[in-house]
Amino acid sequence: MYSIIGSDTKDKGVNIILNLFFTTAVNAAFGLAVQVNTALSALYHNFMMAVKPQLVKYYAENRISEMNHLAVNATKYSFILCFIPYLPIMVEIDFILNIWLKNVPEYVNVFCLLFLITGLLNTFWGAINYVVYATSKIRKISFVIGTIYLFIPVI
């Protein structure tokens with residue numbers, strides 16, 4: 001619950017701050033970067049959706065060492081799975097944006113790079129997140145994550 005509230009506040013808060021302090025071009029650039037991030041993060045989320053049931057099954061069967069092994073491997077493989085397409089996109093982001101958009105807003109490439117980097121960093125958390133959910137001990141971690149999300153618009 002806390003992380004959902006924090007996540008919504010993060011998303012809406014960043015949009016409000018961009019609207020208040022920057023031009024509409026910056027806001028449009030952010031919106032385009034969100035679209036790029038959504039398309040690319042689908043690969044990671046689909047991979048993790050395939051791993052999640054097995055993690056929960058291992059925990060339910062009290063096979064903790066197998067669950068930990070799968071979580072570590074899923075983290076490694078999801079990072080590699082994302083890194084392979086992300087790296088060329090990160091290197092050639094200006095070229096890709098020029099093909100996609102005829103008039104590229106000024107900060108789209110910066111926002112896209114930030115989203116790609118945070119997307120890669122999020123791969124380290126995905127499998128661990130499912131392990132925490134499998135144990136049903138989510139109150140503390142949800143509170144911590146939600147609090148961090150609340151501070152993102154401020155930062």
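The answer below begins with the chain, moves to the rings and then covers their surroundings.

Analyst: The model is predicted, so local features need pLDDT of at least 70 and side-chain atom pairs count only at pLDDT 80 or more, while totals for chains, interfaces and linings use all residues. Residues are numbered from 1 along each chain as its sequence is written, and side-chain values use heavy atoms, with hydrogens and water left out.

The protein chain has six helices and zero strands, in the order α-α-α-α-α-α along the sequence. Of the 155 residues, 32% count as buried. Buried stands for under 20% relative accessible area, exposed for over 50%, and partly exposed for what lies in between (1.4 Å probe, protein chains only). The chain exposes about 10,000 Å², of which carbon and sulfur atoms supply 68%; these areas come from the Shrake-Rupley method with a 1.4 Å probe, and for residues only the protein chains shown count as cover. Among contacts between residues at least 6 apart in sequence, 75% join residues at least 24 apart, a contact being heavy atoms within 4.5 Å.

Now the rings. Rings of Phe, Tyr and Trp (its six-membered ring) pair if their centres lie within 6.5 Å; planes under 30 degrees apart are stacked, over 60 edge-to-face, and the rest tilted. By this rule there are two aromatic pairs. In one of them, Phe79 and Phe83, the ring centres are 5.6 Å apart and the planes stand at 15°, so the pair is stacked. Phe79 and Phe83 are about one helical turn apart because four residues separate them in helix α3. Phe79 is partly exposed because its relative accessibility is 25%, and Phe83 is likewise partly exposed at 34%. Phe79 also pairs with Phe124: the centres are 5.0 Å apart and the planes at 25°, so this pair is stacked too. Here distant parts of the chain are linked, since Phe79 belongs to helix α3 and Phe124 to helix α5 (residues 108-135), 45 residues apart. Phe124 is partly exposed, with 40% relative accessible area. Through these ring pairs Phe79, Phe83 and Phe124 form a cluster.

Ser78 lies in helix α3 (residues 64-91). Ser78 is buried, because its relative accessible area is 0%. Leaving out neighbours within four places in sequence, Ser78 is in contact with Tyr44, Phe47, Met48 and Thr123.

In soluble globular proteins, nonpolar side chains tend to be buried together. A nonpolar core is here a set of buried Ala, Val, Leu, Ile, Met, Phe, Trp, Tyr and Cys residues joined through side-chain atoms within 4.5 Å. The largest such core has 32 residues, and Leu55, Phe111 and Cys112 touch the most other members. Helices α1, α2 (24-60), α3, α4 (93-100) and α5 each supply at least two residues of this core, and α2 gives the most, with 12. Cys112 touches Ala33, Val36, Ile93 and Leu97, not counting residues up to four places away in sequence.

Salt bridges come next. The criterion is a side-chain nitrogen of Lys or Arg within 4 Å of a carboxyl oxygen of Asp or Glu. The whole structure holds two. Arg63 bridges to Glu61, with the closest N and O atoms 2.8 Å apart, and Arg63 bridges to Glu66 at 3.7 Å between the closest N and O atoms. Shared partners join Glu61, Arg63 and Glu66 into one network. Each of these residues is partly exposed: Glu61 at 38% relative accessibility, Arg63 at 31% and Glu66 at 33%.

A surface feature involves phenylalanine again. Ile16, Leu20, Phe21 and Phe22 make a nonpolar surface patch of about 480 Å². Patch residues have over 30% relative accessible area and no salt bridge; like charges are joined within 9 Å, and nonpolar side chains (Val, Leu, Ile, Met, Phe, Trp, Tyr) within 5 Å. Phe21 is in helix α1 (residues 2-21) and counts as exposed because its relative accessibility is 63%.
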